[in-house]
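This report describes two chains in turn and then the place where they touch. Please keep the sequence and the model in view while reading.

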Amino acid sequence: MESSPAQPAKPAYGVVQLLPDELETPPLSLGQLTWRRFRRHKMAIFGSVTLLLIVLYAFGGMLIFSEADANFVETGNRLAAPSRQHPFGTDTIGRDILARTIYGGQISLIIGLTAMLVELIIGVTIGALAGYFGGKLDAILMRLTEAVLVIPQIFLLLVMAKYFAQDISNIQLLGRTFSGSVLVIIFVIGITTWPYLARIVRAQFLSIKENDFVLAARATGTSTRDIIFRHILPNSIAPIVVAGTLSVAAAITLEAYISFLGLGVRPPTATWGNMLEGAYNYIETAWWLWFFPGVLIALTVLSINFLGDGLRDALDPHSRTV
Amino acid sequence: MANRILEVNDLRTRFHIAEGTVHAVNGISFHLEHGKTIAVVGESGCGKSVTMLSMLRLLAIPPAEIASGQVHYLGRDLLQISEHEIEHLRGKEIAMVFQDPMTSLNPVLTIGRQLCEPLRVHMGMDKQMARQRSIELLEQVGIPDAARRLGDYPHQFSGGQRQRAMIAMALACVPSILIADEPTTALDVTIQAQIVELVQRLRENLDMAVIWITHDLGVVAEMAERVLVMYAGFIVEEALVDDLYEDPRHPYTIALLAALPRIDRRRDKRLLSIPGAPPNLLLEPKGCPFAARCDLVFDRCRAEMPPLIQVGPNHQAACWVDVTSGKPR
């Protein structure tokens, strides 16, 4: 004990002295509020963690397996059941499924993200222009949106995938070779999914542009471009983030769907989707062909949807409870 | 005459809506002198705000239509210049403060960012300079600890502070005209007084002209040199403040002043009100808009809108009747 018992430390005041800054809790910023609500959403946390693990799996796996491993054909060892050497087994031409789920996962995730970006760029631009300017421009853009919307998406997707991917060469990127069909799929998914987003953004713009702060901003001489991008867009970010998140999941599913039908990403590039191609012939005889990529797709899509749900609740201005 | 910074002539604004045409502003003319304050008073829906928004071309066209008029600002007609030119004037030379500080600030941008915006757009300041100036501005409008509060969002400001921030934004580029559109209506009385005082002080320091829109006749007496009384899209009386209070010459102004609660009136009496309702703006204005509610009405009032008639030095009223005698002119 270092304190002397003769002089007990006495507080100068009988009550705790608060500095002016401590008298009130500082109000929470929008980000803090969102994080608080998001944190309470158990499934969203589960989704985020799972998604993080999947991303780690797909990108961390690169350190253990090279792409050559993933594309190495060993016809003598085809359709081998999971073993110590091939934990996930081998496929119809003897490639290691574990390595392929890693490299396929990268492509599937990248397709999901970039297709979402394409969708976002088209959807936000069209929605913003239609909602902000209204009138004739709105009418034209919305009829265009509806025109895309009324064609069944899968049908459009398949036709476009078939049409654009006829003879496309491989591309070199970061020292790796990708099938050019990856770009086609990204483009095709982006260009068929934007109408939903465009409608959401338009609705947001229609209501937000009537706010007083838009008039006030115009009265301070803010240009139309700044009003759209600096005033209205940040106010409509919540639904865009949610729709964007969910569309990553949708894009991964769509890629799997077209690749499964053989119209998607071409070999040698693996995706979870094209790993399923042909697996239906072996549903009973070689379950590992479809099980591992299938589980990964399901898990990814599920986690993204949970994440999107969590974001929706957390960003929803109507649930302002902390 | 030479000192007129703003001159509005025969401004008419209409709105084309599903039910027909709303005659919101029906040919109003007024002027503003350099460094002076005018007040525009009138009840809700009489066209005060629409007049100001028309002047700055802030109305969405359609549904709005500016049917006629000129707005001369330093030799230029604001209604004729290009969109680019008016964008450049708004906020820089003519600034506006709106009624509701709760909704006039963008909720997702920090106060600092919103304050810096006009500075960067109009004054070409870089980030650092704009920030420095924003701090000065917030201090100027009496917000303590300004540097820290620049990072706050509007919801972290109280109502009075928000209106102060709005005023700071309006003053950012030292405009020569400040249009204050009922800036105190949404605030409680003590804050109102502070805002009025603040604007008065700033007006003197910055040598700007102010157009103060209000329906609070008490504020008018404090603020303005000259008053325009509007009714149903018309200016019905224009006078110096003291003349208007002591010697109102339009029956509407008289009724309006009579309706004010007064401290020396017997408390058991009910407050006076003007019987009837303002005219339907969907109908083409014909005759005096106040005719239906006026005690002194006669045939001519219903047929013909009276022009603003000179009734004294610096005093005009739009009435066919000389209210001092109760007889037609």
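Chain B holds an open sheet of 8 strands with mixed pairing, in the order S6-S7-S8-S3-S9-S10-S12-S11. Strands here are DSSP runs of E with at least two residues, helices are runs of H or I with at least four, and both are numbered from the N terminus. Two strands pair if DSSP finds at least two bridges between them. S6 and S11 (309–312) of chain B lie at the edges with a single partner strand each, so one side of each has no neighbour in the sheet. On average, neighbouring strands of the sheet are turned by 20° against each other, direction ignored. Within the sheet, S9 (residues 226–231) and S10 (residues 234–240) of chain B run antiparallel and are joined by 6 bridges. B:Arg226 has B:Leu240 of S10(B) as its bridge partner.

The model is predicted: local features need pLDDT of at least 70 and side-chain atom pairs count only at pLDDT 80 or more, while totals for chains, interfaces and linings use all residues. Residues are numbered from 1 along each chain as its sequence is written, and chains are lettered from A and ligands numbered from 1 in the order in which they are written.

Chain A has 12 helices and 2 strands, which follow the pattern α-α-α-α-α-α-β-β-α-α-α-α-α-α along the sequence. Of its 322 residues, 39% are buried (20 or more other C-beta atoms within 10 Å of the residue's own, with C-beta atoms placed from the backbone).

In chain A, helix H4 (residues 97–133) packs against helix H10 (residues 237–260) at about 130°, with the axes 8 Å apart. Axes are lines fitted to C-alpha atoms, for helices over the stretch in contact, and angles run from 0 to 180 degrees between N-to-C directions. The residues that make the contact include A:Ser108 and A:Ile111 of H4(A) and A:Ile240 and A:Gly244 of H10(A).

Where the chains meet, 25 residues of chain B are in contact with 18 residues of chain A; contact means C-beta atoms, placed from the backbone, within 7 Å. On the chain B side, H2 (83–89), S6 (94–97) and H3 (111–123) each give two or more residues. H3(B) gives the most, with 4 residues. The table divides this side by class.

| Class | Chain B residues touching chain A |
|---|---|
| Nonpolar (Ala, Val, Leu, Ile, Met, Phe, Trp, Tyr, Cys, Pro) | 12 residues |
| Polar (the others, Gly among them) | 8 residues |

Conventions: Two residues are in contact if their C-beta atoms, placed from the backbone, lie within 7 Å. A residue is buried if 20 or more other C-beta atoms lie within 10 Å of its own, exposed if 12 or fewer, and partly exposed in between; C-beta atoms are placed from the backbone.
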